[in-house]
Amino acid sequence: MSTGRKHRTEIEVRWGDQDTYQHVNNVAYAAYLQEARAELLAAAGVRASAHARHGTFVVARLKVNYLRQLTFRPAPIAVTTWVSAMSPARITLRSEVHEPVDDGLGPYCTGLTVLVPYDLEEDFPRRVSEEERTALSHFLVPDPD
């Protein structure tokens with residue numbers, strides 16, 4: 001199986017992302033992952049919205065591993081996102097929040113997101129369409145066994 005590519009998004013750390021301890025709050029990391037996820041879907045040409053031909057995707061699971069502290073700064077951070085697994089009923093994404101240039105310290109956090117395709121008109125989960133599978137396969141970097 002050929003390996004796809006990872007998608008990179010640069011995100012500004014917002015002043016309001018800080019908590020009273022002056023480091024980026026855990027909820028902000030989830031927002032960073034969401035922004036990067038939306039960019040990956042757009043880069044794949046998958047419209048994950050109520051107006052999409054097949055419907056949308058909903059988050060069934062979000063797991064974040066916080067690895068080191070991030071503080072406010074004017075320079076952006078980078079979020080790298082890729083598809084790690086696909087099945088007929090779900091898509092699993094992996095993400096890393098890190099410095100735009102490798103600083104040798106590793107990511108600030110890693111994330112795992114499970115997306116379930118959803119038909120808003122039927123109000124029911126649906127299957128991943130062949131178009132979506134093909135488009136997202138360009139970002140498929142399977143987890144090592």
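**Entry 1: a network.** I looked up R14, D17 and E35 in this predicted model. I found the three residues linked in a network of salt bridges. I then asked how many salt bridges the structure holds. The count is 7. I recalled the general principle that side chains of opposite charge can pair when their charged atoms come close.

**Entry 2: E10 and R8.** I found a salt bridge between the side chains of E10 and R8, with 2.9 Å from N to O. R8 is partly exposed because its relative accessibility, 39%, lies between the cut-offs of 20% and 50%.

**Entry 3: D103 and R68.** I looked up the side chains of D103 and R68, which form a salt bridge at 2.8 Å, N to O. I asked where the two residues lie in the chain. D103 is in the loop between strand 4 (90-98) and strand 5 (109-119), while R68 is in the loop between strand 2 (56-66) and strand 3 (77-87). The pair is 35 residues apart and links distant parts of the chain. I recorded D103 as partly exposed, at 35% relative accessibility.

**Entry 4: D143 and R94.** I found that the side chains of D143 and R94 meet in a salt bridge of 3.0 Å, N to O. I noted D143 as partly exposed, with a relative accessible area of 32%. R94 counts as partly exposed at 28% relative accessibility.

Methods: Residues are numbered from 1 along each chain as its sequence is written. This is a predicted model: local features need pLDDT of at least 70, side-chain atom pairs count only at pLDDT 80 or more; totals for chains, interfaces and linings use all residues. Side-chain values use heavy atoms; hydrogens and water are left out. A salt bridge is a side-chain nitrogen of Lys or Arg within 4 Å of a carboxyl oxygen of Asp or Glu. Buried means under 20% relative accessible area, exposed over 50%, partly exposed in between (1.4 Å probe, protein chains only). Helices (H or I, at least four residues) and strands (E, at least two) are DSSP runs, numbered from the N terminus.
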